[in-house]
Amino acid sequence: MVELLGFKINCPKCRLANLEAESSVEKVRCPKCGAIFPATNGVLDLLNEESPGMIAISEPMKWNWVVKIYNGILWRRSFWMSKWMFGIGFDQEYKLITDAAKLSPKDSVLDLACGPGTYTKPIAQIVKQGRIVGFDISLPMLGFAANQAQKEELKNILYIHGTVKDIPFANEEFDVINCCGALHLFRDILPELLIKINAMLKPGGRFTIGAGRKPDDKFNRKLVILSTKKTGLKYFTPEELKHNLYDAGFSDVKIHHSKRYWLIASANKF
Ligand SMILES: C[S@@+](CC[C@H](N)C(=O)[O-])C[C@H]1O[C@@H](n2cnc3c(N)ncnc32)[C@H](O)[C@@H]1O
């Protein structure tokens with residue numbers, strides 16, 4: 001049986017009630033319209049399709065071999081990515097993000113586009129008396145993440161298969177929202193998404209971000225312009241990201257890292 005951990009999850013079908021877990025079966029039900037959502041292998045599935053609306057460049061996030069290697073030294077923690085893409089190693093990035101998130105043990109956290117639990121799992125270990133939801137469109141990523149959480153008996157994580165185009169949480173539900181490695185994928189819905197993220201945070205809540213950056217040199221900038229046209233990605237300058245965040249109602253926007261193709265930032269809701 002899946003534990004909803006007290007998160008209020010609005011029914012994606014009728015939007016009139018919050019979902020309830022059925023006792024002893026792997027299903028979650030809407031008490032208003034009766035819609036049923038499967039919750040197998042530790043993942044609550046709010047989508048009927050595999051990955052609706054995923055932009056083509058994200059497709060590898062569904063490939064099993066990518067899922068397996070993603071968090072290891074061949075991809076997210078690889079030397080070449082740290083040097084060439086991010087200009088920072090993963091451990092330093094993790095420290096910048098978790099410091100900016102100012103996590104407390106009882107916090108309620110949303111890890112948006114969580115992938116294989118890169119941040120979800122370690123944050124769950126910090127918010128020991130709190131809870132975290134990992135939300136992603138890739139079922140294979142979520143399956144991997146949920147499997148790890150089960151192995152390590154992390155009881156305060158809920159994984160949800162959903163899309164950022166339809167986030168089911170109520171306003172003022174979270175102390176912290178983290179979105180690392182994904183904001184640049186959501187160009188078409190960015191203003192609405194940032195407003196929604198702001199609304200889901202409690203007053204005093206923190207938003208932490210790792211996102212694609214427009215590089216400084218002419219050659220790489222041209223490459224980026226070309227690739228954004230072809231792929232639908234959005235790379236930010238620090239100033240653009242700041243503006244986007246202020247426009248959505250955030251305050252105290254800080255850029256913690258700005259090198260190569262990578263920006264790390266945080267913002268608060270007052
Ligand atoms: C580069 S990974 C980032 C994973 C993790 N947050 C990290 O920092 O390593 C980007 C993630 O965004 C997810 N994603 C892409 N489009 C999405 C959408 N429309 N809604 C939710 N997640 C999405 C992908 O499935 C993938 O897991």
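Visitor: Between which strand and which helix does alanine 113 lie?

Guide: Alanine 113 is in the loop that runs between strand 5 (108-112) and helix 4 (120-126). Helices (H or I, at least four residues) and strands (E, at least two) are DSSP runs, numbered from the N terminus. Residue numbers start from 1 along each chain as its sequence is written. This is a predicted model, in which local features need pLDDT of at least 70 and side-chain atom pairs count only at pLDDT 80 or more, while totals for chains, interfaces and linings use all residues.

Visitor: What is the phi of alanine 113?

Guide: Most residues other than glycine have a negative phi. Alanine 113 has a phi near 60 degrees, a positive value in a residue other than glycine. Asparagine 41 has a positive phi too, near 50 degrees, and lies in the loop between strand 3 (36-40) and strand 4 (43-45).

Visitor: Is alanine 113 buried or exposed?

Guide: The count is of other C-beta atoms, placed from the backbone, within 10 Å of the residue's own: 20 or more is buried, 12 or fewer is exposed, and in between is partly exposed. Alanine 113 is buried because 23 other C-beta atoms lie within 10 Å. Asparagine 41 has 15 such neighbours inside 10 Å, so it counts as partly exposed. Over the chain, 40% of the 270 residues count as buried.

Visitor: Which residues come nearest to the ligand?

Guide: A residue is near a molecule if its C-beta atom, placed from the backbone, lies within 6 Å of it. There are 21 residues around the ligand, and Ala113, Gly115, Thr118, Ser138 and Gly181 come nearest. The shell divides into 11 nonpolar, seven polar and three charged residues. Here Ala, Val, Leu, Ile, Met, Phe, Trp, Tyr, Cys and Pro count as nonpolar, Asp, Glu, Lys and Arg as charged, and the others, Gly among them, as polar.

Visitor: How many residues does the largest nonpolar core have?

Guide: Nonpolar side chains tend to be buried together in soluble globular proteins. A nonpolar core is a set of buried Ala, Val, Leu, Ile, Met, Phe, Trp, Tyr and Cys residues joined through C-beta atoms within 7 Å. The largest one has 74 residues, and Leu44, Leu110, Tyr159 and Ile177 have the most contacts inside it. Helix 5 gives the most to this core, six residues. At least three residues come from each of domain 1 (1-40) and domain 2 (48-268), with bounds from an automatic or database domain assignment.

Visitor: What does isoleucine 177 touch?

Guide: Two residues are in contact if their C-beta atoms, placed from the backbone, lie within 7 Å. Leaving out residues up to four places away in sequence, isoleucine 177 touches Leu110, Leu112, Ile197, Met200, Leu201 and Phe207.

Visitor: Where is proline 140 found?

Guide: Proline 140 is in helix 5 (residues 139-151). With 20 other C-beta atoms within 10 Å, proline 140 is buried. Beyond neighbours within four places in sequence, proline 140 is in contact with Lys62, Asn64 and Val67.

Visitor: How many residues of domain 1 are in contact with domain 2?

Guide: Nine residues of domain 1 are in contact with nine residues of domain 2. The domain 1 side has five nonpolar, two polar and two charged residues. The centres of the two domains, taken over C-alpha atoms, are 25 Å apart.
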